Amino acid sequence: MFDAIAARYDLLNHLLSAGLDRQWRRRAIGALRLRGHEMLLDLCTGTGDLALAATENSESSLCARRVIGIDFSGEMLRIAQRKTGARPIELLRGDATRIPLAGDSVDAVTIGFGIRNVERPLEACREIARVLRPDGTLVILEFSLPRSAMLRSFYLSYFRRVLPIIGRVISRHKTAYSYLPESVEAFPSPEDFSRQLRESGFGTVNAVPLTFGVVYMFVAVKGWRLAQ
């Protein structure tokens, strides 16, 4: 499915989020407080937008020294490769539940809207904890459902009725953008997913709602150091 929609994936991300996806990625990279020396793993990297954001200096942080992007979709990685240019980004095809890296080998991990697509997310979180160095930080962006009843009703109407039609027309794939709302609604609540992260070896987990809770940013630190 992801191979089939790869060519129009970026366009649909920007269109369906009204451009907010760029802002969410900047928030995620800013939460890492990079200092220019980090080795960063971008898991479920897709077409590489979050990996690219990690290699750009911002007002709040420097960029990562090196980024390794891993994804299961070969077509997504081919598009990411065209976008990375001379950036210090290495792209690998791999499984999030069997990360092809040594233990304690990366300083930070990011996942942008990919953890709900992993068949066994708890296993992936344990793998992330394995490859992260002590006190390393994981930042995950994932869709959620707003808490406000009125906003939730409006959002679900858009999510279930409008979004799949737009996605189907532009992507030319019959089911990919029906899968999106189904997967979001099936994903654990922020509280439950935070608990899974703690069970995986992350001592401090903060779940931060973005854009009225449409998206959550999970900031988790391996071990017991308090997040900044």
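I searched the whole structure for aromatic pairs and found 8, counting rings of Phe, Tyr and Trp (its six-membered ring) whose centres lie within 6.5 Å, with planes under 30 degrees apart called stacked, over 60 edge-to-face and the rest tilted. The model is predicted, so I kept to its limits: local features need pLDDT of at least 70, side-chain atom pairs count only at pLDDT 80 or more, and totals for chains, interfaces and linings use all residues. Residues are numbered from 1 along each chain as its sequence is written, and side-chain values use heavy atoms, with hydrogens and water left out.

I looked up W24 and F143 and noted ring centres 6.2 Å apart and planes at 85°, so this pair is edge-to-face. W24 sits in helix α2 (residues 20–32) and F143 in strand β5 (residues 132–143), so the pair ties together parts 119 residues apart in sequence; helices (H or I, at least four residues) and strands (E, at least two) are DSSP runs numbered from the N terminus. Both W24 and F143 are buried, meaning under 20% relative accessible area with a 1.4 Å probe, protein chains only.

I then turned to Y155 and F159, a stacked pair at 4.8 Å centre to centre with 25° between the planes. Y155 and F159 are 4 residues apart in helix α6 (residues 149–171), about one helical turn, and both are buried. I also noted that ring pairs link W24, F113, F143, Y155 and F159 into a cluster.

Last, I checked which residues of α1 meet α6, and recorded I5, R8, L11, L12, L15 and L16 in α1 against Y158, L163, I166, G167, I170 and S171 in α6, contact meaning heavy atoms within 4.5 Å.

Note on methods:
Buried < 20%, exposed > 50% of the residue type's maximum accessible area, 1.4 Å probe, protein only.
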